[in-house]
Each structure stands twice: as C-alpha cells, then as structure tokens.
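Biologist: I am new to reading protein models. Could you walk me through some strands and a contact between chains?

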Amino acid sequence: MDIFNIVIAGVGGQGVLLASKVLAESALASGMDVKQNEVHGMAQRGGSVISFVRIGEEVFSPVVIPGTADILISFEPLEALRYVHYLKPGGMLVYNKVTINPSTVATGLAVYPTDVEEQITQACPDARGINALAVAKEAGNAKAVNMVMVGAVMKKLPINAEVVEGVVRAVSKEKGIDVNLRALKGGAAA
Amino acid sequence: MKKIISGNEAIALSFGDSGGVFASGYPGTPSTETLEEVARLGKVYCEWAPNEKVALESAIGASIAGGRTLATMKHVGVNVAADALLTLNHTGVNAGLILMVADDPGMHSSQNEQDSRNYAKFAKIPMLDPANSQEAYDYVRDGFEISEQFDTPVMLRTTTRISHAKGVVERKEKIAPKIGPWVKDVPKYVMLPNYGKIKHVEIEARLLKLQEFAETTPLNRIEMGDTELGIITSGVAYQHVKEAYPNASILKLGLVHPLPERKIREFAGQVGRLMIVEELDAIFEEQIRAKGIRVDIGKNKIPLCGEVNADIIRAAAGDPPAEGTAPIAALPQRPPIFCPGCAHRGLFTILSKLKVFVSGDIGCYTLGALPPMSAMHTTICMGASISAAHGMAKVNEIAGRTEKPVAVIGDSTFFHSGMTGLLSLAYNKGNALVIIMDNRTTGMTGGQENPGSGRDLQGQPAHQVDMVTLVKALGIENVAELDAYNLEATEAAIKKGLETPGPYVLIDKNPCILRYRIKSPVLTVDQEKCTGCRACLKAACVSLGLLPPAEGKKQKVQIDPNICDGCGVCAQLCKFDAIAVAR
C-alpha cells in the first residue's frame, strides 16, 4: 500500500498528542509500520500544534510534506485553515467548529476571521465541521474532544474500528475508558 | 515485543537494557523525556543535575567508579558542559560513558541552531547519529561498547525529529549491570600538563584507530541502488533521502565522527553524481572535499539553516518537489503565551507599564518579550539575565545614566547558572534589580523537579533550598518577597527596588499553576459595566476575547469559562469593576 498520511492540528492543551498516539498505536496493532511526530516545547503554552502520523508497509520520514496528507484532522477552525495546504487533492478534512482565540486575537493585535468556515469550504469543498465539544460533553467530559475527532475520521482510516477501540481502552485511565469510548462513537456518528 | 516509542524513550529503554547504572542530565527540549523515561524504568539510578556541567561531571565520576553512565542535555547544554567534555576526552573512561545531545534544527524550542557534530570533531571523539527510534535504541548499546573498547566518551546525537518522533522498536536481550572496580590512576585522571601531554598523543592515536573502526563497522552501510545518484547522509536526513529517492545509492553514516575515508572514496567512485545531505553545517562535506573527493551537490543547493525534507532534497538534485498548495496567507498567528493563571502575567503587565529595561533569561517568562507585553529586551543564554544586567549597570554608571536595569530569571535557571551572576553583582558593587520567579518547577520543558521544588526526579521528597537564605548568602542585603498576582503591590515593590541603590532582589514564590494544577473560580465580564476600553487585553490572556460589535458601539470583552483560570489580573486592569467571579 501507499503511505497513508494523517495530519492532526490544534492548540496546545487540546489533546492532539493523545489522538496521535491512539492512531499510531492502532496502526502498529494492525501490523503496519508507523511513524508519528510532533513538536512539543513552546507549543504547550497555547501555541499552534501540528502532529503527523504516517502509516504503511515501510515508513521512512516522520514528516508529512504539504500537499500529501490523506486526512487533516483539526481541533480548531483557524488551525484547519493554517494547515489545509497539507492536504493532497481530494484529501479529507474534518474540523472541530469550536473556536479558540489565539493570543494575537485575545490581545486585540489581530482579528479572528469571521468567515473562517467559508474559507475552509473554499479551500476544501468536502470539509466537514462538527461541534466536537458538544459531543465530548455529551459523552461525559469536555476534554474528550480528541477522541471525538479520532472517531470522526475512523471510517476513512486503513484500520478497523475495533482495533482503535482496543487502543483507546488501553491508553485511557480506568475511569476514563467509558467516556472515551462514548466520545469515539459520538465522533463517528457526528 | 514491538513497541512504538520516541527516540528519547528508546534511548532510556536501551540504557536500562544495556547495563546502565547512573544517568544525569538537565532538562532541555528536545532531550528532556530521556531522563524522565529512565526514571520511569524504576530500577536504574538517575537524577536531575542543576546544570549540564554538573550532570557531565557526575557522569564522569560514575564512570570512574565503574558504572555505565549516561548524561543527557540539549545542544546548548553541551556548551555549559564543554569544559568537562574537552578534558574528559583526555582522561577517557572506566565504564562506558555516553553523552546524549539533542539538537534542534529549525529551532522549534531553542535560542540557537548549533550543530553538535562540531563538538565531536572539536573533542576528537566518536559520535553516533541515529536515524529512527530503533537505531536510537541500538546505538546506546553500540555506544557503550565503543566507549569501553576505545577508552573514550561517546556522543549520541539526536535531533528534534529523532527525539520526538515515534517509531517501532524491538528490544534486545537485557544485559545485567556490572560495576567495575574503582581504581586510583593518577596519570589517567589527573590532567596536570605533564599527564595531559601524554593524553593528547593518545587522543590522536585513538582517533586513527576509530577511523579504521569506521571503515568496517556496520554502523556505516552502503545501500547500492541506481548509481546515477549517490547520496551520503546520516540521522533523520537519511529518512528524508529515502522518501525523496527510494532507489538511489546511499552511504548511510551511523558513526558520523570520525569519517570512513576509504568507504566514502569507494562509494564516490561507484556513483555518477555525489550528493551530501546533512542538516545544518557542512561537516561531512568540508571533510570529504578536503580529501579531494568531488562533491556535486551539497551546501551549494541545500540550506545551512533549518531542517531538510524530501522536497528540499528533490529540488537540490534538480527534480520538481511534490505538488503542494501554498499556505493561506494573512491568518492570525498563534504564538505561545503565558498560560491562563500564570504568575508571570502580572509581573510582565507591570514591567511593560513601567517601561524599564529588562534583561531576560531562558524559561516561560521569555514569552514576556512578545507583544503586547514587549517587556524583555535581552535573552542570551541560561543565567545571563543577572550578569548582563550587571554589565549594563556598570556602563550606565560610567555614562551617567540613572536608569537601573531589571533582571528576570526563574528558579531553575537561577540554580543552573544565575547564582554566579548574582554573586558577581554583590561582589562587584553592582546596581540591578533582580526578580526571581520561583515557581518551584522547570516550567518551559514541561515541569521538572529542581533543587528548589522539594522533590527529586523520582518525585520523592528531597532537600529544598531556601531561596531567600541562598540569595542572602551570596551577599545580597536587600531581599523582599513579591506577589505578582497583586498588580498594585508588584508595582510598588518594583519601584522600591529601582529607587534603592545597589543590588536588590525580589522573589515571587507563586507556584506554577500548570505543574501544580491550581485553579481559582472562573471570572466573568459584566456586560452592563464593560465599556470596551480594552484595558484588560493588556493581560495578554487567551481566555479574553472581543464580542461582535453592537451597532455603533465599541466591542465588549468576554471571558471563555473553559479557559479562564481565575487569576484576577484582568479584573485589576479593569477601571470599571466589570470583571468579577462568576456567580
């Protein structure tokens, strides 16, 4: 198979890294080679975060090159726009519609684009926006946005849903398992 | 069993599996998780040192006492440890010693972009450069063997894309730790000039032996493919090369110093165009050209700055890059900023208001340099805030300028190398206001313990140095406490520190809210009282946002309850009492 490239974007603190871990572990559990990479450090302080998951028979580089991503998962609309050029033609974009102000907007130095969703649709006509926060809250925890977002792309992954569920069980804390599984299913149905 | 782990985790795991006995380091992105993972292994001794020099010196002692040893640090940490390293290369080791250094091409989280391969060349010691997590695991074991076989420290170099990239790793059979004898050997370990002279001759002889080793070791391998293009590369650049040209001939170097001359010559003779792909400096290229070997593509086409990727490599070889669309221009940037609830916010709100010159340092508080605070005017290296402020004050005095500089430094950075600057300030009759933000953690790297946190690397209770006693012991008489959440008191304290001649130290003891999970009741904006004056936005907090404008009126502010930490800085900036705890 060709290399399957996933880009996950969001804001520091949103759980992009755990979502990446779930996808990478699921690929490994399915017998595939996988590389996963993100940059931490400064990103923790509310900065823009981007993570790559690459799946295939033999994966070399840990980095996804713009124009080659099969899926872009964005936890925030502005970040979807920031990284939409990573998608290959016909690639899939799923984004969380709940906005988070960048510090530049919070301090009045910049304006959050009011037409962010229109711009996303313009850049990627098949883009799908969901309210991941509402789904996560319904599942029992606002912090489960990351699992909702994984659930939302599950059908497109070269991985069985049962494998992903197994990994979510394994990486979750005991009391969080049910919430995370509900969030995953909620995302798939959203 | 196969696991998917980062390069840092792989190094830690292998240290445990390869008979490792002692590990020490100082946090620094992207190296930090290595030592944290060694601690998680549970059975191997490891510790945070106050700085990288202490870490390496302790590692040297551990090796002399007979235990396999690992020291971990980021690239700039090696500058701090360089004094030890450049004599350790003379003494050699007893048990194997690996210095793991994590470079940061692209400067994702660093103040410079130095290439640590220069240190291996400088110190004339072997360096290993893994290309994925599996190699990071394997090279620890190889490194110990090389270290012991050749009586030399070995540098294990990673980059951000190795340290933080996760890949599949298969473990090897575990080697039980063996502790060798602790022997007195004056000519080996006492580097008086007479012994040092002998050692220098040995270093040169050792390097020749290592060159021979480099010719035959499987760490350096030739993958013959299409011979039109031959590429010499190492580390993560190898992965980008495979991505760009899966069928090209490649000489992959695992041991990147010293270089295998015969192997390179043989490879160069078999290929059409010879290309060298290395991130940052032209270290291979300069050495290879110096041997009279023709290089067709190298730093003439590949940038000296930043990371490489498959597109850059393809373009350098004259092929079109992958079809990509350009990023959308003119989007609001999302730079990192103080966390909601962070005590640094209050401090920098006041420093910004007072328009003082702030000599800064390395830590979360460096973000105070960004707009709208823009209240940090130098950041050089760990510990430089106080010593640089001292130099400024001296020249100001000579020039007859009356403004007193302010140094801002965190607890971990102060212990690292700020203390010596403060000692100088006291000793040399300095005139600076020093603000120590003692939040009881090494924050920017994710919240590690330090000598002031009261816990060790394992999270166990440890001696907690008392900051006030320490500062006084260094010779500072004027020491006062600061509460940066209280803006009025903070302004008064800073003004007093500036007005009082001589060294003056303010210590803020508010703990890191992220590390210690502190949350106060969420604040809300009374829309009746808010005038839209935007004074609160000076707090630079991401929980604040402007509401859509009502017709003919100024935009009012709202607070996102999911993000607000209830610190109250924005409420103190509001002149209309519009911000209060949500009812």
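Modeller: Gladly; we will start with one strand and then turn to the contact between the chains. Keep in mind that this is a predicted model.

Biologist: Is strand 16 of chain B mostly covered or mostly open?

Modeller: To judge a residue, we count its neighbours: with 20 or more other C-beta atoms within 10 Å of its own, a residue is buried. In strand 16 of chain B, which spans residues 433–437, five of five residues are buried. One side carries Leu433(B), Ile435(B) and Met437(B), the other Val434(B) and Ile436(B), and both faces are covered.

Biologist: Which strands pair with strand 16 of chain B?

Modeller: Strand 15 (residues 406–410) of chain B pairs with it in the parallel sense over five bridges. Strand 18 (residues 504–508) of chain B also pairs with strand 16 in the parallel sense, over five bridges.

Biologist: What do strand 15, helix 16 and strand 16 of chain B make?

Modeller: Together they make a right-handed β-α-β unit, with helix 16 covering residues 411–427.

Biologist: Now the two chains. How many residues does each give to the contact?

Modeller: Chain B gives 50 residues and chain A gives 48. Elements giving two or more residues to the chain B side include helix 10 (235–244) and strand 8 (165–170). That side divides into 26 nonpolar, 15 polar and nine charged residues.

Biologist: Which strands are joined between the chains?

Modeller: Strand 2 (residues 33–38) of chain A and strand 8 of chain B run antiparallel, joined by two bridges. There, Asn37(A) has Ala165(B) as its bridge partner.

Definitions and conventions
Residues are numbered from 1 along each chain as its sequence is written. Chains are lettered from A and ligands numbered from 1 in the order in which they are written. This is a predicted model: local features need pLDDT of at least 70, side-chain atom pairs count only at pLDDT 80 or more; totals for chains, interfaces and linings use all residues. A residue is buried if 20 or more other C-beta atoms lie within 10 Å of its own, exposed if 12 or fewer, and partly exposed in between; C-beta atoms are placed from the backbone. Helices (H or I, at least four residues) and strands (E, at least two) are DSSP runs, numbered from the N terminus. Two strands pair if DSSP finds at least two bridges between them. A crossover is right-handed if, with the strands pointing away from the viewer, the path from the first strand over the helix to the second runs clockwise. Two residues are in contact if their C-beta atoms, placed from the backbone, lie within 7 Å. Ala, Val, Leu, Ile, Met, Phe, Trp, Tyr, Cys and Pro count as nonpolar, Asp, Glu, Lys and Arg as charged, and the others, Gly among them, as polar.
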